[in-house]
Amino acid sequence: MDQFIELERLSKSYRMAGEELQILHQISLSVPSGQYLSVIGPSGSGKSTLMHILGCLDVPSQGRYVLDGRDLTGLSEAALSQVRRQSIGFIFQSFNLLPSLNAVENVSLPLMYQGIPVTQQKERAEAALERVGLRERRHHRPHQLSGGQQQRVAIARALVADAPLILADEPTGNLDSHSGEEILDLFAELNAEGRTFLVITHDPAVASRSQRIVAIHDGTVVEDRKVTA
Amino acid sequence: MISQSIGVALRAVWEQKLRSILTMLGIIIGVGAVITLVTLGHGASSSVTKNIEGLGSNLLVVDVGTGVGESFGRLGGATTVSDTSLAPPPNLTLNEAQKLGNIARVVGVAPVVEGSGTLGVGTTTASVGLVGTTPAYQNIMNYKLQEGRFLTPLDETDGENVIVLRSTEAQTLFGAINPVGDTVTVNGVPFEVVGVLANKGTSLGQSEDSFAAIPIDRAESLLGSTSLSTVYLSAKSQSNVTAVISRLDQKLLSWIGTSQNFSVTAQSQILSTLTSVQNSLTLLLAGVAGISLIVGGIGIMNIMLVSVSERTREIGIRKAVGASRGAILGQFLIEALVLSGIGGLLGVGSGAAASVLLSKSFGYQPSFHTGIALLAFAFALAVGLVFGLWPANRAAGLRPVDALRVE
């Protein structure tokens, strides 16, 4: 199987108050296409920073990041935003929907930034909402939806542009266990359709739903194991 | 995508209605003020121009008296020179004045002896400026007859006491009755009214001072004065005015000796001076109004900066789902342009309304200039663009990871 994500000795450090703060130490990681991977670790371990770099929201200080055969190291801000647009769907703990837009409009956003005509945006957004079971609530605004429903809208937004990589940061962190289960069921279905999933979590129960668990501690990989069903 | 961005911007503006209106207020006032002031300025100039043209743009005024040539910008010539105490007073005789008519391209000469007089009919009296002059005065000063006739050459030779009134005084003294043929006393001496001049309407300068015209020799004996203070001349056409002025200057210099004691003014010069004063005044006012537009722009910048910091998270989300730097820049720029554009339109509307209302109340011809409206609107957009650029650039430059971290 070809490697979809390849990290080579990736490091990230910040300068804070004149002090060098090393967040990630020489992380090397390969993720094959279609894998469902969990990254676990306590808060402060660097897992969120790792997700930001994988999601092209931040850039590494050192090391190489290859996504789908393309070396992203040193790409411009414009090129990185194109990668985000075409290849990556984000799911956040706090959903990150725009409160002033309804479900269809929120889901349409990635298509709008791809310059897709409005009528097609609407069709595809409605199809994505149908996929997550929220078609009849498509004209609701986020505040009119439950947490689980909001997260499903966010999933529809991650799916709508057919991004091959879905990055989820504590996707069930703000949900009750029942809604959380529904979301994880949906992840499993979507993964079965061939999308690569990378879920950041500190919850072992969430991690246990994936195929592989990578544990991070103080910016280094301390464990990398397959999940046996 | 542009139309969608405009939709997004309109929505953002609509969601903060009060804030948007307050932000736009600066632009509304600025644009409205520019349009109103320029329109009123134009109205004022054209009304002044019309009034002065009513006096005759070919009109030349020769004033004689001590120190007259030193003062500048006298409007017309009815003001009497008070400073006659210094000896010897400069003088121009009637004969000399008539000779000025021999200058090439001078088509009319009206020497004037002036003084004040009291008109009386029974117990009713009216104070007027008494103008002793010749028949040419009517045409040179552009007066229209309402009743009867003006002075004629015959009046100068037969020594009859005849007087021509102006409509206002005729009404004061005689009411609605046609006074022609009736008698009026002038400083106690009876005169026969032979004509009534129509009023010219409001105007600058002396033409609306109350006056009555009598033959020049009657005025000399009535006022006990033989010195001419003013001579009105008319040039053949406005293009001859400059040439005539220099000829007049030469001749008067040779008679009077010093240019300090006479002045030659052309109505058309006054007109062009006034027009340029009006224009620079209009420009000044428009400039002041333009400053309020810039202040309005700063208001937009302020609100856009607030908006950017309030919506940092939104910017982060938009960037995460693929918005490029340009898309975010465009979104906030369009929002600034929508604010200034709507403000500009409202400003054009209120400016047009204010122009028409104020023009009417000032009695000007209401004239709305589309060019000015377009210019003010374009300026408002430019202000929005310039002052929106910094906040928009700030939004676009946010790093997505930082923007997402903001709660």
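A salt bridge is counted where a side-chain nitrogen of Lys or Arg lies within 4 Å of a carboxyl oxygen of Asp or Glu. In this model, which is predicted, Glu77(A) and Lys319(B) form such a salt bridge, with 3.8 Å between their closest N and O atoms. Because the cut-off for a salt bridge is set at within 4 Å, the pair Glu77(A) and Lys319(B), at 3.8 Å, is counted. A second example is the salt bridge of Arg11(B) with Glu105(A), whose closest N and O atoms are 2.7 Å apart. This pair runs from one chain to the other, since Arg11(B) belongs to helix H1 of chain B and Glu105(A) to helix H3 (residues 103–113) of chain A.

| Salt bridge | Closest N and O atoms |
|---|---|
| Glu77(A) with Lys319(B) | 3.8 Å |
| Arg11(B) with Glu105(A) | 2.7 Å |

Between chain B and chain A the count is four salt bridges, while over all chains the count comes to 30. Across the interface of chain B and chain A there are also nine residue pairs in polar contact, with both residues at pLDDT 80 or more. On the side of chain B that touches chain A, the elements giving two or more residues are helix H1 (2–15), helix H10 (312–320), helix H11 (325–362) and helix H13 (400–405) of chain B. Of these, H10(B) gives the most, with six residues. By kind, the residues on this side of chain B divide into nine nonpolar, four polar and eight charged.

The contact as a whole draws 21 residues from chain B and 26 residues from chain A. Together chain B and chain A bury about 2200 Å², of which 55% is on carbon and sulfur atoms.

Chain B is itself divided into domain 1 (2–51 + 273–405) and domain 2 (59–236). The centres of domain 1 of chain B and domain 2 of chain B, taken over C-alpha atoms, are separated by 56 Å.

As for confidence, the model scores ipTM 0.93 and pTM 0.70, and chain B has a mean pLDDT of 83, with 90% of its residues reaching 70 or more. In residues 72–87 of chain B, however, pLDDT stays under 50, and the model has 29 contacts beyond four places in sequence for them. For residues 203–207 of chain B, where pLDDT also stays under 50, the model has 13 such contacts. Where pLDDT is low, the predicted coordinates should not be read in detail.

Terms used:
Residues are numbered from 1 along each chain as its sequence is written. Chains are lettered from A and ligands numbered from 1 in the order in which they are written. Side-chain values use heavy atoms; hydrogens and water are left out. Contact means heavy atoms within 4.5 Å. Buried area is the accessible area (1.4 Å probe) that two parts lose on being put together, summed over both. A polar contact is a pair of N or O atoms within 3.5 Å; within protein, one must be able to donate a hydrogen and the other to accept it, and residues adjacent in sequence count only if both atoms are side-chain atoms. Helices (H or I, at least four residues) and strands (E, at least two) are DSSP runs, numbered from the N terminus. Ala, Val, Leu, Ile, Met, Phe, Trp, Tyr, Cys and Pro count as nonpolar, Asp, Glu, Lys and Arg as charged, and the others, Gly among them, as polar. pLDDT is the predictor's confidence in each residue, from 0 to 100. Domain bounds come from an automatic or database domain assignment.
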